[in-house]
Amino acid sequence: MRYFPATLSEAETETFYKRIRLEFEQNGWGLYAVEIKTTGRFIGYVGLHEIGFEAEFTPGIEIGWRLAADYHNQGYATEAAKAVLELAKELGIQCLYSFTAKINIPSERVMQKIGMIKTGEFDHPKLSEDSPLQTHVLYRIDLNGV
């Protein structure tokens with residue numbers, strides 16, 4: 001959670017979990033658990049999520065990921081994100097966004113590896129002006145014919 005303002009409290013985690021479940025119920029997609037194939041060990045999630053704030057590019061759908069630090073830089077996020085892109089195409093989703101704090105270079109590299117194009121930067125509306133995480137990079141991929 002190095003690139004997030006804080007870890008979630010138990011109540012915030014429960015709210016987030018309920019939102020994920022609701023997205024599956026309403027849309028048929030959401031944030032998918034990522035496990036190590038050989039052990040079944042849960043290491044995080046990758047998937048689709050409705051963007052939860054207002055910005056120039058919303059409403060929209062985000063492709064996002066969060067993996068335990070021990071599993072960074074091993075290709076798991078890229079592999080899973082590519083699978084989610086294929087799923088999004090099958091579902092007829094036309095466009096996806098991804099964004100992260102500008103200082104989160106590892107996550108930005110995943111966006112590039114899966115074929116997303118940087119469209120700009122923005123100040124995240126849920127972060128204070130003095131936060132080192134406020135400036136975010138914004139990436140987009142159009143799935144028509146890709």
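## Second largest pocket

Tyr 32, Ala 33, Val 34, Glu 35, Ile 36, Lys 37, Val 46, Tyr 76, Glu 79, Ala 80, Ala 83 and Val 84 line the second largest pocket. The model is predicted: local features need pLDDT of at least 70, side-chain atom pairs count only at pLDDT 80 or more, and totals for chains, interfaces and linings use all residues. Residues are numbered from 1 along each chain as its sequence is written, and side-chain values use heavy atoms, without hydrogens and water.

On a 1 Å grid over the protein atoms alone, a pocket is an open set of points where a 1.4 Å probe fits, with protein on both sides within 12 Å along at least five of seven lines; lining residues have an atom within 4 Å of a point. The volume here is about 210 Å³.

## Lining

Strand E1 (31–35) and helix H2 (76–90) each give the lining at least two residues. H2 supplies the largest share, five residues. Helices (H or I, at least four residues) and strands (E, at least two) are DSSP runs, numbered from the N terminus.

The lining has nine nonpolar residues, three charged and no polar. Ala, Val, Leu, Ile, Met, Phe, Trp, Tyr, Cys and Pro count as nonpolar, Asp, Glu, Lys and Arg as charged, the others as polar.

## Thr 78

Thr 78 also lies in H2. Thr 78 is buried, at 13% relative accessible area; the cut-off is under 20%, with a 1.4 Å probe and protein chains only. Leaving out residues up to four places away in sequence, Thr 78 touches Val 110, Lys 113 and Ile 114. Contact means heavy atoms within 4.5 Å.

Notes: Grid points are joined across faces, edges and corners, and a volume is the space filled by probe spheres set on the points. Buried means under 20% relative accessible area, exposed over 50%, partly exposed in between (1.4 Å probe, protein chains only).
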